[in-house]
Structure formats: C-alpha cells, structure tokens
Amino acid sequence: MEGDEEAPTHAAPPPRILLVDDDEDDYIVTQELLRDTYGSAFKLDWCSTWEDALQAFSVDGYDVFLLDQNLGAREGTDLVRTAVASGCNVPIILLTGNADRQLDLEAMRAGAADFLVKGQTSAVLMERSIRYALSQHGGHRRCKRQISWEAPSILLVDDDEDDYILARAMLFEIYGRHCKVDWRSKWEEALRSITEQAHDVYLIDYRLGERTGIELVREAIALGCQGPIILLTGDASREVDLEAMRAGASDYLVKSELTVPLLDRALRYALERYRGELRLAELAKYDQLTGLANRFLFREFLSKTLARAERYHRSVALVFLDLDRFKLINDTLGHQVGDELLRAVSERLRNAVRASDIVARLGGDEFAMVLDEITDPAMVGHFCERILAAFRRPFQIGSDEIRSSTSVGVAIYPMDADNIDDLLKSADTAMYHAKEEGANNFQFYTMDMHLKASRLLTIERDLHHALERREFMLWYQPQIAADSGRVVGLEALLRWQSPGKGIVKPGDFIHVAEETGLIVTIGRWVMQEACEQARRWIEAGFSDFHVCVNVAARQFRDGTFFDSIKGILQDANVPPHYLEIELTESSLLKSPDAVQAVLRRLLDIGVRVALDDFGTGYSSLNHLRSFPGTAIKIDQSFVANIETSRDDSQIVKALIQMAHGLGFVIVAEGVETPGQLRALAAQQCDIFQGYLLSFPVPAEEITTEMLAKNHLTPFLAGPGESEGAAGGVCQANAQAAAAQGLTEPSPVPRTLTLTPSQECDGKHAYPG
Ligand SMILES: Nc1nc2c(ncn2[C@@H]2O[C@H](COP(=O)(O)O[C@H]3[C@@H](O)[C@H](n4cnc5c(=O)[nH]c(N)nc54)O[C@@H]3COP(=O)(O)O)[C@@H](O)[C@H]2O)c(=O)[nH]1
C-alpha cells in the first residue's frame, strides 16, 4: 500500500524522534522507513540501552520515542512505566517483534501511545501512528488513575447490512456477546444517534448513500459529539486518511484489510485516546509540577468520600502536611532545587500510601491525604508516623543531599468537622500546632486549637480594621536616669483603642500582627507617630530626651527598613539622636548579619539602638560583644526577683558589669518597688523604667514639669527618708498599684504623682 504513495511534503519540521533499540539493524530499517516519510535528510536519534534511554527521556526536545520491547534482559513496557512515572509526557510507541494482544494491552496500560509490530510496519503505518500519537500528545499520562476496561457500546453507521453483520461478528469475537452493537444505515438517523452520545465508540463508513461519512463526522463533532469515531473506508488513500483526521476522526480502517486483531487494536487505542482526552480535561485537576491531584480535585474527592462516609456512618481522616523550612531551602538553594524537592517528596508520599489513597498538593509546600474508613485514631497515628519516617532519609537532589521534615495536622470527620471547609480548616489548625510544637511531628485537632485559631483570625481581621479606622495610639513610659533622676527616654508603647474592648495592650495582638506581617504596616505607623510626637515635644521646649520605639524582627526583613526610618526622621524634621529603636535578642538572631548591617547604618546616622529583654533569650557574651548598639535593657523577670533571689541578683550584677565593660548603657525595665530600684542603683544601673516611676501614659501627660523633676529622690534618699513625706504619694500609689496586680489604669490613664524633693541638677547620664 505504501508503495503507491509519494513521500509527503511536510510544511512543519519533522518530529524529533528517538529510537531505543538494542539492534542496530532495526535502527537502520526504522531510519529508512522514516526517511520514506520525512525525506532523506531525516535523522533518527538512536540509543541502545535502558540507562541511555532513561537519560534521553529526561532531555527536553524529543517529540516521540520509539521503543523496542526487548532491551537486553529488560522490557520496553517497564521502561514506559518508569518514564511515565517520572513525569515524561512525550508519546512512546512500543515496537515488538510479534503481534501479541496481551503485550499490546500491557503497552497501552503502561502508558504507551501506540504499539507497532516490527516486520509488519510500513512507512505509512509508522507515520500514521506517529501522527496520531503526536495529536494526542498533551501529557495526560501524568494522570495515573486506572480506568477499568469494559466492553464498549458501539454504534456502526453503514448503509450495507452485510458489512454490519460482518463487523458485529468481529466485535462479538473481540468483546463477547454482551458487547452492545447498534446499527444505523441512514445519515440523519445516525447523526441523531451520535449526538445522543449513548455509545462509547462510533464506526462510520466513508460512503453513506449520497453523503459521506466524513461529513457525518464533521457534523457530529460540531454538534458536540466527543466519543471516538473510526472511519471505515473502501480503500487505502492518504487523502482520505488526512481528511478523516482533520474532520476529527480518531482513526481510519480499510474495510478490505479489516481483521479481528486490527479492529480490536484500533478500538482499544481509539478508546484509550478518548479516555485520555477526558483525562486531559481532568488535567486541570492535577498539579503540573508533581502530577499529584491539585486542590480542585482533592476537594472533589474529599466531598465524595465524605458523602459516602455519611451514608455508611464511617470516619474519615484528613491529613494535612506542610514541609518544614521549605522557604529557607527555596531561598537559599534556588527554586529549581525547591521544585525537585517537591517532586521527590510527592513520590515518597505516594509510596507511603495505598494505591487507592489520594495524595494532593494543595499549593506551595502543602500536601494533603485522605484516609477512608477509619475505625481507630491509632491507625491514623501509625500512618502519620510512616509519613514522618518517609522524610528521615535525605533527599538526593542533583548533587545535593537535602534533609527535610514535615509538620502534620489531622482532623477527623465527623468528630472534628462535618463539612469539607471546616475539616480542612481543622487539619490546617492542627498542622500549625505541630509547627508550634517544634515541627517534624503530627498533631490531632482539638477544640482548644479551634478556639485559639478562631481568636487569632478575629484579631487579624480586627487589626486590619483598626489600621483603617485609626484606632491605634501610642502611650509613653518615662525612663529615668540614675544619676539625675530625670526623664531621659520615653518608650512608645502601642495601644489599641478598640470600640468593643476598650484599650487593648500589645501583648494581646502584637504576635498576630507579627505572624501575619501586618506588623510592617503597624510598625511604620508607630515610627511615624513617635517621630512626629518627638517633633511636637522638641517644639514644646523638651530637650535631652529620646523616644524609644520597639521594632519587630519582621520589619528588618523588609529591605527598605533603613531608608524608611531615615525618611520618617527627615519628614518629621527630627535629628536621629532623638530616636532609639529597641529590638529583642531573638530578632537579632533571626538574621544576624543582615540585621547588624542595618543597625550599623542606623548608628552611623546617630539613631540609638537598644537590646530589649536582655537575659531571656540565648543571651551570650558573644552576642553582646558583636551587638552594634548603645543600650541593653535588662528583662523585667530579673528585676522582679532581684530582692528575693540571690541568683537573680547575682545575674543582674554580672549582666551590668559585663555590659558596662562593653560600653553599653544599662536600662532596667519593670521596676516596681523602691527595693528593686535601690538594688539596681547599688549595682550601677544607669536608667530605670517601671510602674514605680510611671505607668505608660498618653503623650499629653508628658509635661515640661515632669521632664524637669528628679523622680528618684523619694526612693534613693536613704531608707528613712525615702519612705517619708517626699516619697509618700508615689509610694502609696505604687503600693496601691502593686496590690492591684500592677496593671496599667484603663481606659483613663494616669501618672503616678511623684513629688520631687529637689530639682534636677545634674547632666543626663545617657550618653549623647
Ligand atoms: N513591635 C512592637 N512591639 C511593641 C510595641 N509596643 C509595645 N510593644 C511590645 O509589646 C510588649 C508589651 O508591651 P506593653 O503591654 O506596652 O508593656 C510594656 C510596659 O507597659 C510594661 N511595663 C513597664 N513597666 C512595667 C512594670 O513595672 N511592671 C510590669 N509588669 N510591666 C511593665 O513592659 C512593657 C515594655 O516592655 P519592653 O518593650 O520590653 O520595654 C512589649 O514586649 C513591648 O515591647 C510596638 O509599637 N511595636
């Protein structure tokens, strides 16, 4: 048949084809066949081993692979499976030495696009097989869902009853008598039946009275027919073949050459392609990177699973995973490595579950699985342990060995939630709890988690509103110099005037702002407001003071932090030494080099820098030594026990000596009693801050008078005097405050009335 035809001219460049065959003679023959089709310049690439083939399969650029079934001791079908499993979506056509239905079936199931018998393959047959394979090329084989093979229902459209009888006999031979074969002989009738789409496959004769089968194909497809259509023609003609393909037929068969095996194979491939197309439509439901189900399909699956569980009163576990430190891996080793890791993780997860269990990538580094028919939560626990164990071995990504772990959250239907959204939320909440517990572990959802999570969500929403409605404000807590007793610093402390809750302190919301990143916006507002207030105080005649602003680690991550502060100071027209930023040791540790670089730049322009809460974190002399700052704030917890705990007293003493030795100014925070104040003064602490001296107050309460007073005289004048008239009011207030648990007054703030026994006469201890 091929002898009658000329080598076609191809407007498009010929496909790039790789032959995998361990027999060089076969390579030469195949090359000749393809040259008949694509012209004498066509070059077929060739490799002869399984290993070379695998390598070549991962190379981008081939359009089709021709693969010999016999590769030494190994089988081509295994290679097809391996290639498909590793995400190869280039069509693979299997070549075998003999026609074997079993093998043909196996090839199809492995994911081959077609199957050709070597000795019986002409140039035309090969070209057609390649063309159809290419037209189907779209990667649907990523979808590994098994579609069961059933006897298809077939509609035969032929105006010759004998042909129908013959075809039906063949079909019965292939599928047995239970195969449904319908027959239409008239064009219009056939069109109606086809558009009803009651059949799996259509066999249409090219000649249908006055009209052609091609027209019928076109019309049926235009009317929405999706099932595969095989055209039957009287004789082989390349024109008819091309016409059929262009009209939308899946294949064409020459009636005179029709045999049972040929029909069988054509039907199977047509059906498989059709199913492939359906799956292609489903591809939108698969994650392109990993081939796993995506969020859309996962929800669909979960919805069906929950519906079944409801009907049969079963429990279902939703297992939600998030990789630990994935962002770090992505940021440091690059996105390509990140992608590879996600693929490798997907493969391990797939291997950790039963074939029937779904594994989905919900996005980023989040994965989810569903365990059906849960009878005992311990089952799920074991499953989670298996998942965690799957991460114990490092992942080999290129030349890198990457260690990764995951945090797993579990929610059970119907115990924890009775619908998809709530179940997902619960599993997500449990996963976050696993992160909080130090990552690399699993947690079952509990009601407490729910309450916590919903509280956080509410706060987040309210914080957004608070920003929009300008509900934030700053209160200021004075810092008093030990040597002069005067106010040298004013720490700006954020307060939220909530319409529903009154004055809310940062302890109740700042962590949410930090977690959500909202702290960057809020922090900028704080900085602007504090600097503008500093300007107002300067204009009011205040001098020798600075405002202290707390800065969260997240604010440093924004590469514009330095410029932002500089701009704010300029806009407010405030010299930089009026500003001190306070950061905690943990902020410093989050990204030491980057943070230190910013701090140095700030110091260079004159901004003061204090290390907050010192003594609580990983405080070490090394950190202190390399800290580019001006002041150290000893944490309240040490101050609180300084009178009662010898250890804490010794620690404070050592901290002060150490920090002084390194040239830092020492600020003690949380000073609540005269005894604490005296103990700190005895240990040469430079600056005091605490309820004893003043609660945080609104800016209006900071007056020139207040700044001029010596606030320490009542307490440091000596035991007898300090408890006397001079310090009496303050003392009474402080004791009253202590008796009430030393909470800040709210909503109307008040300053402890300090009665100075003498005016400030000394220079501020704080270095300028
Ligand atoms: N990133 C930002 N963090 C901020 C900002 N404003 C405040 N904060 C941080 O929130 C934490 C709690 O602050 P707050 O509730 O305002 O508490 C401060 C003082 O009111 C309190 N304090 C002061 N004196 C005493 C005392 O004698 N006893 C006592 N029990 N508490 C006292 O201490 C807090 C000041 O802490 P510090 O900053 O460590 O000096 C707190 O960690 C703030 O840092 C902000 O705008 N941004």
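1. Val359 has Met369 as its bridge partner in strand 17. Strand 16 (residues 359–363) and strand 17 (residues 366–374) pair in the antiparallel sense, over four bridges. Two strands count as paired if DSSP finds at least two bridges between them. Strands are DSSP runs of E with at least two residues, helices are runs of H or I with at least four, and both are numbered from the N terminus. The hairpin has two residues between its strands, and Gly364 takes a positive phi near 50°. Four of the five residues of strand 16 are buried. Buried means under 20% relative accessible area, exposed means over 50%, and partly exposed is in between (1.4 Å probe, protein chains only).

2. **Basis of the model.** This is a predicted model: local features need pLDDT of at least 70, side-chain atom pairs count only at pLDDT 80 or more, and totals for chains, interfaces and linings use all residues. Residues are numbered from 1 along each chain as its sequence is written, and side-chain values use heavy atoms, with hydrogens and water left out.

3. **Chain overview.** The protein chain holds 30 helices and 31 strands. Of its 768 residues, 52% are buried. Take the contacts with a separation of 6 or more: 70% of them join residues 24 or more positions apart. A contact means heavy atoms within 4.5 Å.

4. **Sheet 2-1-3-6-7.** Five strands form an open sheet in this order, with parallel pairing. Strand 2 (45–47) and strand 7 (114–117) each have a single partner strand, so one side of each is left without a neighbour in the sheet. From one strand to the next, the twist averages 20°. Strand 1 (residues 17–20) pairs with strand 3 in the parallel sense over four bridges. Leu18 has Phe65 as its bridge partner in strand 3. Helix 1 (residues 24–38) packs on this sheet and touches strand 1, strand 2 and strand 3; its direction makes about 155° with that of strand 1. Helix 2 (residues 50–57) lies across strand 1, strand 2, strand 3 and strand 6, at about 160° to strand 1. Axes are lines fitted to C-alpha atoms, for helices over the stretch in contact, and angles run from 0 to 180 degrees between N-to-C directions.

5. An unreviewed UniProt entry annotates Asp68 and Asp205 as "modified residue: 4-aspartylphosphate". UniProt positions are given in the numbering used here, feature names are shortened, and annotations may be inferred rather than shown by experiment. Asp68 lies in strand 3 (residues 64–68). Asp68 counts as buried because its relative accessibility is 4%. Beyond its neighbours within four places in sequence, Asp68 is in contact with Val20, Asp21, Asp22, Gly76, Leu95 and Lys118.

6. **Thr96.** This residue is in strand 6 (residues 92–96). Its relative accessibility is 1%, so Thr96 counts as buried. A polar atom of the Thr96 side chain lies 2.9 Å from the backbone oxygen of Asn98. A polar contact is a pair of N or O atoms within 3.5 Å; within protein, one must be able to donate a hydrogen and the other to accept it, and residues adjacent in sequence count only if both atoms are side-chain atoms. Not counting residues up to four places away in sequence, Thr96 touches Gln69, Leu103, Phe115, Leu116, Val117 and Lys118.

7. **Sheet 9-8-10-13-14.** These five strands form an open sheet with parallel pairing. Strand 9 (181–184) and strand 14 (251–254) are its edges, each pairing on one side only. On average, neighbouring strands of this sheet are turned by 20° against each other, direction ignored. Strand 10 and strand 13 (residues 229–233) pair in the parallel sense over four bridges. Helix 6 (residues 161–175) packs on the sheet, touching strand 8 (154–157), strand 9 and strand 10; its direction makes about 165° with that of strand 9. Helix 8 (residues 213–222) also packs there, touching strand 8, strand 10 and strand 13; its direction makes about 170° with that of strand 13.

8. **Asp205.** Asp205 is found in strand 10 (residues 201–205). Its bridge partner in strand 13 is Leu232. Asp205 is buried, with a relative accessible area of 6%. Leaving aside neighbours within four places in sequence, Asp205 is in contact with Val157, Asp158, Asp159, Gly213, Leu232 and Lys255.

9. **Ligand surroundings.** The ligand is surrounded by 25 residues; the closest are Glu491, Gln636, Glu669, Glu672 and Tyr691. Such a residue has a heavy atom within 4 Å of the molecule. An N or O atom in the side chain of Gln477 is 2.9 Å from a nitrogen atom of the ligand. An oxygen atom of the ligand lies 2.9 Å from a polar side-chain atom of Lys633. For Glu669, an N or O atom of the side chain is 2.4 Å from an oxygen atom of the ligand.
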